[in-house]
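I opened a new page for this one and jotted things down as I looked them up. The model comes first, then my entries.

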Number of protein chains: 2
Amino acid sequence: MKMNNFRSMLAVAAFGFLSVAASAQVKEDFKPCTSNQDGKQYPMVNSDRVVRAQYLAPDAKSVKFDIGGVKYELVKDENGLWTGETAPQDEGFHYYQINVDGISVPDPNSLYFYGASRWGSGIEIPAADEDFYQVKNVPHGETSEVYYYSTVSGTVRHCFIYTPAEYRTNTTKKYPVLYLQHGMGENEYGWAQQGRTGIIMDNLIAAGKAEPFIIVMDNGLANLGQQPRPQGQRPQGAPQAAPQGQRPQGGPRLNSAGAFGDCLIKDIIPMVEANYRVIADSEHRAMAGLSMGGMQTRAITLANPTTFSWVGMFSGGVISPEDVAGAAGFKENVKHVFMSYGSREIERPRNGSDPRTSADDLKKIGMNATFYVSPETAHEWQSWRRSLYQFAQILFK
Amino acid sequence: MKMNNFRSMLAVAAFGFLSVAASAQVKEDFKPCTSNQDGKQYPMVNSDRVVRAQYLAPDAKSVKFDIGGVKYELVKDENGLWTGETAPQDEGFHYYQINVDGISVPDPNSLYFYGASRWGSGIEIPAADEDFYQVKNVPHGETSEVYYYSTVSGTVRHCFIYTPAEYRTNTTKKYPVLYLQHGMGENEYGWAQQGRTGIIMDNLIAAGKAEPFIIVMDNGLANLGQQPRPQGQRPQGAPQAAPQGQRPQGGPRLNSAGAFGDCLIKDIIPMVEANYRVIADSEHRAMAGLSMGGMQTRAITLANPTTFSWVGMFSGGVISPEDVAGAAGFKENVKHVFMSYGSREIERPRNGSDPRTSADDLKKIGMNATFYVSPETAHEWQSWRRSLYQFAQILFK
């Protein structure tokens, strides 16, 4: 959610005249969004990053476009065609939905992504720096969908694993591994789809800017532990032992680094190291995550101070000299701590401290550290795509 | 589309009383569908395979559940809760959508799949034989998302490649390959997602019923050739050279075996044979497909009679002795021709001939052939999952 947009738009939206007022001055250089389904013209976006939506619904009483915490009212013409515009959106990817006569549903025009605790619509707003996450004619790695049995959860779990282009043909080389985690309300599809991890890495490796390494994207929430299951979290009568479809359903919501950390250390890392050509030591093992995944990274790497030599937290807290002092071996073992935020969320320091000093604080105790700020973005995917792009150029060097 | 359901229900639906009339006699053993999003109770399905849907929409005037060619009217109670039931559905997977006050949208409760030329809702109806496509604690292969450059289309294309569990660790063994194609209005996600190809193969291999082999699932339609692009098929201003997102947008609709065949022979097979440990001869190369993909299989294997030794057509035509006579080398080279239909579609023979005699016709000229009928299913995924399950047990033996 983009808090700045939310605040500035709320007053306007409350008067219900935004789409009309904005129409008077919007730039008419709209193009269909690249996140639209094949052949769909709407939603469109213009060079001011204003989104225009349009739906034919002669029998509807109300159609709204719900993005960034604001429900924009569309206006109906004599043919039953509803049209409206949003305020300018941040560059990058956003979740959204539409609302037809009071019921919120996915936009039938968009591709679908998992976030905000649901599969639903996502939209791409063009970005000045979007080149780094566009598909190009470069050697491509692959992103593999992997099922494996977890001893910690007693279930078959599901993750995505990126291997670089040379992995298939350079059959004796072993590779470092980054364990990369999503945020709250998201799942293992986040980095693989809207994060564009594979595409970012293919481009970086082709340009000689990053070492080739493997990336494991797992689910930091679902199917962990044997705790009683919250009501309604799983279909009645569904067996607990296996996911319920090609896309497994989530289990209990365990936002605990302990539960996921246990699974990571006991199941995921051994599974990866047994099945992939991996350099299985700390120096070639990294962990990073966004938001909740950053907090999990912080907790898990501090609790296992000699397991990961590279640590990344994207919009997910910082590691302080006090943290390091309490984690024996961490200072000596860790090669680099990378911390980042979107410029619009850092204006509101989290946990009472200003993260901007965090890298300098670690440098003062002799560690390598980076603090990166994503320009003009908030707590959203463009901040995290850019953070991965930056962190990947530091990793394993 | 299930024609039988469509025919038998049309009269009932036309009177608009189905959901009320059916309520009097439906079995109250409904369970949430396994294709629901995590935590969603509706839609549900009972042991008669009747689907019950429910939505809270106090402001809506009309809510319909649109499946199998019938729009079932839901009924609103005093709290604005809409509820209704469908006629019994066939076992297996179906595409559907909902309609709110005249606009058709994806059901916010379901997972999403590509079919009927759109990303939208899908539903799983329990099947007596569903065990063969359930995720189990067996050794799991992986399904990899692969980008590659096509010389035929001049674009980066996108496919999925299944490798069996032993592929990662049995690092010197080479494997046969099946090229497996989707139907009209579908794409390369079809077999990987709703087809459950990886899960079916993992279970078959673990049970010792199938040889381990690689499966390549590509897009039989998109981004082929340099023909002028139909209006509206691609966002304005989008470059032609690359897909427009993590899920590439389709290009021109070329339902021609020639265009796809060219890409398969010149780009896909060489790409696979260069990057995977493959036994690169006809005897270890198979092609199969469903519906349009079956027709492409027929055309491509007959046009390249010594390239594929194993041929599968699922609800997609047959190969006759006359076809074989016109394709020099086909008879000698092909080890097995597998043809199948759903029992409910075969009642209406296609192309004027009855496919049930097709295998016998080929046996009479000395070829190995199988004709398989999927019980109580129509032109739908359960027929094709079962066809893959049968064909995989014949392949490469």
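**Cis prolines**

I started with P43(B), which sits in the loop between β1 and β2 (44–45) of chain B. Helices (H or I, at least four residues) and strands (E, at least two) are DSSP runs, numbered from the N terminus. The peptide bond leading from Y42(B) into P43(B) is cis, and its omega is near 0 degrees. I then checked chain A, where Y42(A) and P43(A) are joined by a cis peptide bond with omega about -5 degrees. P43(A) is in the loop between β1 and β2 of chain A.

While on backbone angles, I noted F396(A), a residue other than glycine with a positive phi, near 60 degrees. I found F396(A) in the segment after α11 (381–394) of chain A.

**Ground rules and confidence**

This is a predicted model, in which local features need pLDDT of at least 70 and side-chain atom pairs count only at pLDDT 80 or more, while totals for chains, interfaces and linings use all residues. Residues are numbered from 1 along each chain as its sequence is written, chains are lettered from A and ligands numbered from 1 in the order in which they are written, and side-chain values use heavy atoms, with hydrogens and water left out.

I looked up pLDDT (the predictor's confidence in each residue, from 0 to 100). Chain A has a mean pLDDT of 87, with 83% of its residues at 70 or more. Residues 1–22 of chain A fall below 50, and this stretch has 34 contacts in the model beyond near neighbours in sequence; contact means heavy atoms within 4.5 Å. Residues 225–255 of chain A also stay under 50, with 92 contacts beyond four places in sequence. For the model as a whole I wrote down ipTM 0.86 and pTM 0.88.

**Where the chains meet**

How many residues of chain B are in contact with chain A? I get 68, and they touch 69 residues of chain A. About 6,100 Å² is buried between chain B and chain A, with carbon and sulfur atoms giving 51% of that area. Buried area here is the accessible area (1.4 Å probe) that two parts lose on being put together, summed over both.

I found 11 residue pairs in polar contact across the interface of chain B and chain A, both residues at pLDDT 80 or more. A polar contact is a pair of N or O atoms within 3.5 Å; within protein, one must be able to donate a hydrogen and the other to accept it, and residues adjacent in sequence count only if both atoms are side-chain atoms.

Several elements give two or more residues to the chain B side, including β8 (92–100), β13 (155–163) and α5 (257–275) of chain B. β12(B) gives the most, with seven residues. I also looked at how strand β12 (residues 142–150) of chain A meets β12(B): five bridges join them, and they run antiparallel. In that pairing, E142(A) stands opposite V146(B).

**Salt bridges**

My term: a side-chain nitrogen of Lys or Arg within 4 Å of a carboxyl oxygen of Asp or Glu. The whole structure has 36 salt bridges over all chains, but the count between chain B and chain A is zero. I picked out K27(A) and D48(A), whose side chains meet at 3.3 Å, N to O. These two residues are 21 apart and link distant parts of the chain.

Strands count as paired if DSSP finds at least two bridges between them. β6(A) has two bridges to β7 (residues 81–85) of chain A, and K76(A) has W82(A) as its bridge partner.

Chain B has an open antiparallel sheet of five strands in the order β1-β2-β3-β7-β6. There I noted V75(B) opposite T83(B) in β7(B).
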